[in-house]
Amino acid sequence: MGKGSSAFIDRELYLPKTWIADTARCRQAGIPDEADFSSKPELARQMLARAFDAGIPASWVTADCVYGGDRHLRRWREENQQPFVLAVPCNEPLWCQPFVCTQAQEMANALPNKAWRSVSAGAGSKGERWYD
């Protein structure tokens, strides 16, 4: 695959807490009794760790705010000095220089208009998906 390519390399089944709590339902679905609940960001971290441990190269990691809103996942990538682009909810508290905690929306609002540009994330079911 060329630069900028992507590939499906791992998978984990997300099981809501309500499923894990329903032993009969889990058994009927063939889910082992020892299955524990893991949040989606926790599952992502497990899959990324397996990929990195296997030596699979990745220049960066990207994900939506379900994952970006998880401070532990962001810190884990920072600690491993791997670039990432994780969307965060607008009210997510973030630290910026000079060590001031502010919400993501406040940081975005403080940027001048020329700091933004619209780019397409590709065609969706309702046309192009434009983001700033």
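This is a predicted model: local features need pLDDT of at least 70, side-chain atom pairs count only at pLDDT 80 or more; totals for chains, interfaces and linings use all residues.
Trainee: Which residues make up the largest nonpolar core?

Mentor: A nonpolar core is built from buried residues joined through side-chain atoms within 4.5 Å. In this model the largest such core has five residues in all, and they are Leu48, Val61, Leu73, Trp76 and Leu86.

Trainee: Which residues does Val61 touch, not counting residues up to four places away in sequence?

Mentor: Val61 is one of the residues of the largest nonpolar core, and Leu48, which also belongs to that core, is among the residues that Val61 touches.

Trainee: Are α3 and α5 roughly parallel or roughly antiparallel?

Mentor: Two packed helices are described by the angle between their axes and the distance between the axes. Here α3 and α5 pack at an angle of about 20 degrees, with their axes 9 Å apart. Angles under 35 degrees count as roughly parallel, so the arrangement of α3 and α5 is roughly parallel.

Trainee: Which residues make the contact between α3 and α5?

Mentor: The crossing of these two helices, α3 and α5, is left-handed. From α5 the contact is made by His72, Leu73, Trp76 and Arg77, while from α3 it is made by Pro41, Arg45, Leu48, Ala49 and Phe52.

Trainee: How many salt bridges does the count come to?

Mentor: Side chains of opposite charge can pair when their charged atoms come close. Counted over the model, the number of salt bridges is eight.

Trainee: How many residues apart in sequence are the parts that Glu12 and Arg50 tie together?

Mentor: Glu12 forms a salt bridge with Arg50, and their closest N and O atoms are 2.9 Å apart. Because Glu12 lies in the segment before α1 and Arg50 lies in helix α3, the pair ties together parts whose separation in sequence is 38 residues.

Trainee: Are Glu12 and Arg50 buried or partly exposed?

Mentor: Buried means under 20% relative accessible area and exposed means over 50%, with partly exposed in between. Glu12 has a relative accessible area of 35%, and Arg50 has one of 36%. Both values fall in the middle range, so Glu12 and Arg50 are partly exposed.

Trainee: In which helix do Glu78 and Arg75 lie?

Mentor: Glu78 and Arg75 form a salt bridge in which the closest N and O atoms are 3.0 Å apart. The two residues are three residues apart, about one turn of the helix, and both of them lie in helix α5.

Trainee: What is the phi of Gln81?

Mentor: Gln81 has its place in the loop between α5 and β2, and it is exposed, with a relative accessible area of 73%. Although Gln81 is not a glycine, its phi is positive, at about 50 degrees.

Trainee: How far apart in space are Gln82 and Trp60, C-alpha to C-alpha?

Mentor: Gln82 lies in the loop between α5 and β2, and it is buried, with a relative accessible area of 9%. Leaving aside neighbours within four places in sequence, the contacts of Gln82 include Phe52, Ala58 and Trp60. Gln82 and Trp60 are 22 residues apart in sequence, yet in space their C-alpha to C-alpha distance is 6.3 Å.

Trainee: Which residues does Ser38 touch?

Mentor: Ser38 lies in the loop between α2 and α3, and at 15% relative accessibility it counts as buried. When residues up to four places away in sequence are not counted, Ser38 touches Tyr14, Leu43 and Gln46.

Conventions:
Residues are numbered from 1 along each chain as its sequence is written. Side-chain values use heavy atoms; hydrogens and water are left out. Buried means under 20% relative accessible area, exposed over 50%, partly exposed in between (1.4 Å probe, protein chains only). Contact means heavy atoms within 4.5 Å. A salt bridge is a side-chain nitrogen of Lys or Arg within 4 Å of a carboxyl oxygen of Asp or Glu. Helices (H or I, at least four residues) and strands (E, at least two) are DSSP runs, numbered from the N terminus. Axes are lines fitted to C-alpha atoms, for helices over the stretch in contact, and angles run from 0 to 180 degrees between N-to-C directions. Angles under 35 degrees count as roughly parallel, over 145 as roughly antiparallel, 65 to 115 as roughly perpendicular and the rest as oblique. A crossing is left-handed if the near helix is turned anticlockwise from the far one by less than a right angle, and right-handed if clockwise.
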